[in-house]
Amino acid sequence: MISTSSRIGAAVAAAVSVVALTVVLAPPASAATPLRDLAAAKGRYFGNAMTAGDFNDAGYRSLSAREAGVVTPGNEMKWDATEPNRGTFAFARGDQVVAGAVAAGQKVRGHTLVWHNQTPTWASNLSATELRSAMVNHITTVMGHYKGKVFAWDVVNEAFAENGTRRQSFWQQKLGDGFIADAFRAARAADPTAKLYYNDYNTDGVGAKSDGVYNMVKAFKQQGVPIDGVGLQAHLVVGQVPSTMQQNIQRLADLGVDVAVTELDIRMKTPSDSSKLAQQAQDYTKVVNACLAVTRCVGITTWGLSDNHSWIPGVFPGEGAALPFDNNLQPKPAYNAMSAAFGTGGPTTTTTTTTDPQPTGCTAAYRVTGQWQGGFQAEVEVSAGSTPVTGWTVTWSFVNGQSVSSSWNAVVTTSGGAVSARNADHNGSIAAGSSTTFGFVGTSGSTNSAPSPTCRAA
Ligand code: XIL
């Protein structure tokens with residue numbers, strides 16, 4: 001019975017399969033092409049933080065207008081700027097950043113609504129009941145003011161401690177665990193069209209703190225708390241980009257949220273020298289590639305654009321030179337590295353999609369997301385049809401001698417060129433109309449064409 005139905009399934013699948021083969025050639029990298037355009041060609045954005053004070057530097061403004069498609073106000077939408085006294089809202093500085101962005105054809109990321117820093121003492125001194133209503137009022141009023149002008153908001157910022165438990169901020173102490181979910185619910189009601197993000201630092205790679213965020217997002221998804229994305233601040237140190245950054249982005253994406261790198265800078269002990277700048281360039285490449293390797297990583301924002309418009313020297317004494325342009329607004333090796341990575345790296349060299357919602361219960365799309373001499377990386381998106389899936393297996397044949405070396409988010413077994421990838425423990429269940437992704441690194445064969453995968457639900 002089982003073998004009969006699977007034979008019938010295979011025959012029907014073969015008969016009704018629609019195989020679409022798309023070959024997208026990456027445009028040549030050119031330092032003359034602004035990052036915003038290179039990123040856009042990859043379906044991503046490149047952005048930078050911009051403060052009202054930055055507007056005094058005309059050269060910096062035009063550099064941002066040229067390079068960045070998205071702007072995040074560095075300070076102007078924080079609570080101390082927007083509601084300095086209870087019920088008295090001040091939007092002039094935020095509006096100035098928005099107007100500058102609009103003039104430069106840039107979109108705006110909102111930052112940030114609920115945070116323990118840069119929040120006036122009148123708020124932190126409120127009773128629990130008062131604080132909760134002040135929070136909802138703040139979110140409602142600020143998001144209401146910027147409705148249609150801000151495409152994504154960091155709703156809650158930095159609410160986790162390094163060990164992955166909740167930070168013991170006044171928010172947490174007064175309102176308890178529920179304050180984050182409450183903030184997101186208020187945010188969704190205030191502007192249903194804005195993407196709602198949780199944003200934090202030291203959560204870039206896999207670790208205790210990012211585990212905490214991951215588990216919260218997973219719970220929110222299960223409970224129906226509205227969340228659309230996770231921001232990884234990525235305030236990094238030269239030579240110390242977490243090796244698990246791509247894996248971390250991927251696991252968040254697999255929960256069904258977007259991921260954005262929101263405040264990237266990669267600092268070094270100053271003064272800089274050519275070897276530190278070369279290392280920094282490699283580090284920027286790693287971050288761009290980690291984002292480009294995951295379809296739901298939507299964009300990268302640097303916290304400033306040039307070293308003279310950076311928060312680092314003021315906060316980390318003896319450190320700086322963290323951004324892609326130098327004090328004279330000249331491109332550094334890091335800029336050229338980002339340009340090359342956005343220009344040449346990431347998806348999508350070859351995509352094969354097999355559309356076959358019946359009768360196998362799922363479909364699989366195979367993408368080569370990177371290639372190099374002798375090797376490649378691929379990502380397979382497994383999608384449920386109109387019924388939920390509780391377990392899946394994707395199979396394909398490598399006919400050009402490729403092989404799988406290491407995989408993530410699936411259990412892969414091979415026999416000759418035949419590859420079988422079964423769901424991992426955490427991603428067997430896919431809701432109707434949803435998808436999950438697994439990936440692997442492989443060795444290339446004679447050529448590296450994408451095979452046509454078949455997906456079967458358990
Ligand atoms: C920083 C600003 O860049 C500084 O101008 C300000 O003095 C302090 O805040 N994480 C965040 C950002 O989410 O809001 C911070 O911005 C940097 C760390």
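View 1. Strands are DSSP runs of E of at least two residues, numbered from the N terminus, and two of them pair if DSSP finds at least two bridges between them. The model is predicted, so local features need pLDDT of at least 70 and side-chain atom pairs count only at pLDDT 80 or more, while totals for chains, interfaces and linings use all residues. Residues are numbered from 1 along each chain as its sequence is written, and side-chain values use heavy atoms, leaving out hydrogens and water.

View 2. The strands follow the order 17-18-15-20 with antiparallel pairing. Strand 17 (410-415) and strand 20 (454-457) stand at the edges with a single partner strand each, so one side of each has no neighbour in the sheet.

**View 3. A salt bridge between R109 and D154.** The side chains of R109 and D154 meet at 2.9 Å, N to O, in a salt bridge, a term for a side-chain nitrogen of Lys or Arg within 4 Å of a carboxyl oxygen of Asp or Glu. R109 lies in strand 4 (residues 107-114) and D154 in strand 5 (residues 150-157), 45 residues apart. Both R109 and D154 are buried, that is, under 20% relative accessible area with a 1.4 Å probe, counting protein chains only.

**View 4. A salt bridge between E319 and R267.** The side chains of E319 and R267 meet at 3.2 Å, N to O.

Conventions: Helix = DSSP H or I, 4+ residues; strand = E, 2+ residues; numbered from the N terminus. Buried < 20%, exposed > 50% of the residue type's maximum accessible area, 1.4 Å probe, protein only.
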